[in-house]
Amino acid sequence: MNKKNNLGLDICFMNEDDPFIVFKQWMSEAEKNEINDPNAVALATVNESNQPDVRMVLLKEFNNNGFIFFTNLESKKGSDLKKIPKASMCFHWKSLLRQVRISGEISSISDKEADEYFNSRPYLSRIGAWSSNQSKPMETRDAFLNRIQKYKNKFSDQNNVPRPNHWSGFMLSPKRIEFWKDVEGRLHQRLEYLKELNSWKKNILYP
Ligand SMILES: Cc1cc2nc3c(=O)[nH]c(=O)nc-3n(C[C@H](O)[C@H](O)[C@H](O)COP(=O)(O)O)c2cc1C
């Protein structure tokens, strides 16, 4: 028989009161098992008309305050989050048959943090951030390629490409984090953490 934790869940959930520790453990297992982008996560936002939208982003960092991703601030998600600073994330690690759902409030990260991450990116990614009017219609692909060349000329020193003002990061500070693990017969195991003032309340949920 599988070993269980004190909630009767498989031991992979651990007996943790801090969901960030569980997340760190699951992410490290995903990093060993996923063939691509274990940090890829679906990000849901909502616009002023209450229309939800979802797309993938890459989780670039997480700490006890939240989960950080980067994007063009003038993109669809950027304008949704400016008006309604709430979001949800969903990871699905197929290799592990696990899901993590996170929802909460969005805040902007500091210019210093954004600069640090921007400067760590490959040259072409930094040029791309200048050249792409993310999610705006493009006249032709050549128009985009011409913009890339224009910015390569403008910022020919690969060690000195400034971060565009329209490119930065957001942090999702969770109010709820749920860990889900596949069980045969769809008898899945779910552990929910709900944020309280200075702690997390744990619930196990029916599948
Ligand atoms: C695996 C994967 C990772 C992605 N990572 C990012 C990301 O970190 N930031 C980003 O702006 N777009 C990322 N994209 C592209 C977005 O899914 C999306 O196409 C783009 O950001 C425009 O979305 P929007 O119009 O809703 O703003 C990624 C796409 C995939 C498939």
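Strands and helices here are DSSP runs, numbered from the N terminus, with at least two residues (E) for a strand and at least four (H or I) for a helix. This is a predicted model, in which local features need pLDDT of at least 70, side-chain atom pairs count only at pLDDT 80 or more, and totals for chains, interfaces and linings use all residues. Residues are numbered from 1 along each chain as its sequence is written, and side-chain values use heavy atoms, leaving out hydrogens and water.

A polar side-chain atom of Ser-135 is 2.3 Å from a ligand oxygen. For Gln-134, the distance from a polar side-chain atom to a ligand oxygen is 3.0 Å. For Ser-75, an N or O atom of the side chain lies 3.2 Å from an oxygen of the ligand. The protein covers 65% of the 620 Å² of accessible area that the ligand has on its own (Shrake-Rupley method, 1.4 Å probe).

Finally, move to helix H4 (residues 123-131). Which of its residues are buried? They are Tyr-123, Arg-126, Ile-127, Ala-129, Trp-130 and Ser-131; buried means under 20% relative accessible area (1.4 Å probe, protein chains only). Show their neighbours too: these buried residues pack against helix H3 (111-120), helix H5 (141-154) and strand E7 (167-181), with contact meaning heavy atoms within 4.5 Å.

Methods:
Polar contact = N/O pair within 3.5 Å; in protein donor to acceptor, adjacent residues only side chain to side chain. Buried < 20%, exposed > 50% of the residue type's maximum accessible area, 1.4 Å probe, protein only.
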